[in-house]
Amino acid sequence: MDKAQSDYTTFARVMHWAMALLILSTIPVGFLMVQEGLSRPFQNSLYIYHKNTGVLIFVMAVIRLSYRGLRPAPPLPDHIPVWQQRAAHASHMALYVLILAMPVAGYIRVVAGGFPIETLNAIGFPKLAPRSDAVAEIAKSAHFYGSYLITGIVGVHVLAALQHGLIKRDGVFSRMWPPYRRGTR
Ligand code: HEM
Ligand code: HEM
């Protein structure tokens, strides 16, 4: 198959890696900021980073998915067993759902709880959720369970990608990696 058709586009790769960096920092910051015993200023900085990066992740996810609608993902090579192709597709869809749903749940949890989202407040963005402790509590639970789900799926995703890149060296990793030293990765 033609290389241009079997690889992700430059835009898809830039979005993937930029978002991977943001998400792989947002998750540990989220787990860290809810720990007890942190100094107040440090904890506040973590919350500010987490909330505002989470909003950025949502905006980027919408752009990325809209673009994917115009330029669908390239099909996996034929040598990948069908069950693995289906598993890869299902896990990618789950990741897309989660990078939209996690920020939405986080947003509702914070706005319904009466807390600020600094960047959105600064640009005068309207509050899209009512002030309600009950609503905040439901969103908090959804965000909590979702955080373990996304951590697990990202973990499997990274291990699968590394297995392709370092052990199988079957070219799947190169589809997403920046296009230098092309070959068996
Ligand atoms: C993809 C985006 C996001 C991911 C992966 C993520 C992940 C996490 C994780 C791992 C935790 C710690 C586990 C927990 O206690 O719930 C957490 C907590 C939290 N997150 Fe997020 N988050 C995201 C987006 C957001 C956004 C956009 C907001 C708000 C604007 C937000 C607000 C919070 C808050 C307030 C907590 C503390 C727990 C609570 O009191 O509800 N998150 N998040
Ligand atoms: C070190 C971290 C990561 C590595 C090594 C990695 C690697 C890869 C690779 C090689 C692909 C292409 C798979 C294929 O050819 O079908 C891919 C696709 C994808 N990755 Fe990652 N990834 C990482 C982090 C993440 C994170 C944190 C997320 C989001 C939560 C993510 C979401 C996705 C999605 C949604 C796709 C499918 C793209 C599409 O078909 O539109 N990745 N990743």
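1. Basis. The model is predicted, so local features need pLDDT of at least 70 and side-chain atom pairs count only at pLDDT 80 or more, while totals for chains, interfaces and linings use all residues. Residues are numbered from 1 along each chain as its sequence is written, chains are lettered from A and ligands numbered from 1 in the order in which they are written, and side-chain values use heavy atoms, with hydrogens and water left out.

2. Overall fold. The protein chain has 7 helices and 0 strands. Helices (H or I, at least four residues) and strands (E, at least two) are DSSP runs, numbered from the N terminus. In sequence order the pattern is α-α-α-α-α-α-α. The C-alpha trace spans about 55 × 35 × 30 Å along its principal axes.

3. An unreviewed UniProt entry assigns "domain: Cytochrome b561 bacterial/Ni-hydrogenase" to residues 8-178. UniProt positions are in the numbering used here, feature names are shortened, and annotations may be inferred rather than shown by experiment. In the model, residues 8-178 are 77% helix and 0% strand, and their end C-alpha atoms are 10 Å apart.

4. Residues 46-67 are 100% helix and 0% strand, with end C-alpha atoms 31 Å apart. Residues 87-108 are likewise 100% helix and 0% strand, and the end C-alpha atoms there lie 31 Å apart.

5. Helix 2 against helix 3. The axes of helix 2 (residues 10-33) and helix 3 (residues 40-70) come within 9 Å and cross at roughly 150 degrees. This makes the two helices roughly antiparallel. Axes are lines fitted to C-alpha atoms, for helices over the stretch in contact, and angles run from 0 to 180 degrees between N-to-C directions. Angles under 35 degrees count as roughly parallel, over 145 as roughly antiparallel, 65 to 115 as roughly perpendicular and the rest as oblique. Helix 2 passes helix 3 in a left-handed crossing (the near helix is turned anticlockwise from the far one by less than a right angle; clockwise would be right-handed). Their contact has 20 nonpolar, 7 polar and 1 charged residues. Ala, Val, Leu, Ile, Met, Phe, Trp, Tyr, Cys and Pro count as nonpolar, Asp, Glu, Lys and Arg as charged, and the others, Gly among them, as polar.

6. Packing on helix 6. Helix 4 (residues 82-112) and helix 6 have axes that come within 8 Å and cross at roughly 150 degrees. Helix 4 is therefore roughly antiparallel to helix 6. Their contact divides into 16 nonpolar, 9 polar and 4 charged residues. Helix 2 packs with helix 6 at an angle of about 135 degrees, the axes being 11 Å apart, and the two are therefore oblique to each other. The crossing of helix 2 and helix 6 is left-handed.

7. Iron of ligand 1. His50 (NE2) and His143 (NE2) coordinate this iron atom at 2.0 Å. Donors are N, O and S atoms within 2.8 Å of the metal (3.2 Å for Na, K and Ca); water is not among the atoms, so sites may look incomplete. The 6 donor atoms around the iron atom of ligand 1 subtend angles of 86 to 179 degrees, which makes the arrangement octahedral. Six donors count as octahedral, and four as square planar, if opposite donors are over 155 degrees apart and all others between 65 and 115; four count as tetrahedral if all angles lie between 85 and 135 degrees, and anything else is irregular. His50 lies in helix 3 and His143 in helix 6 (residues 133-168), so the pair ties together parts 93 residues apart in sequence.

8. Iron of ligand 2. The protein donors here are His16 (NE2) and His157 (NE2), 2.0 Å from the iron atom. The site is octahedral, with angles of 88 to 179 degrees among its 6 donor atoms. His16 in helix 2 and His157 in helix 6 are 141 residues apart, and the pair links these distant parts of the chain.
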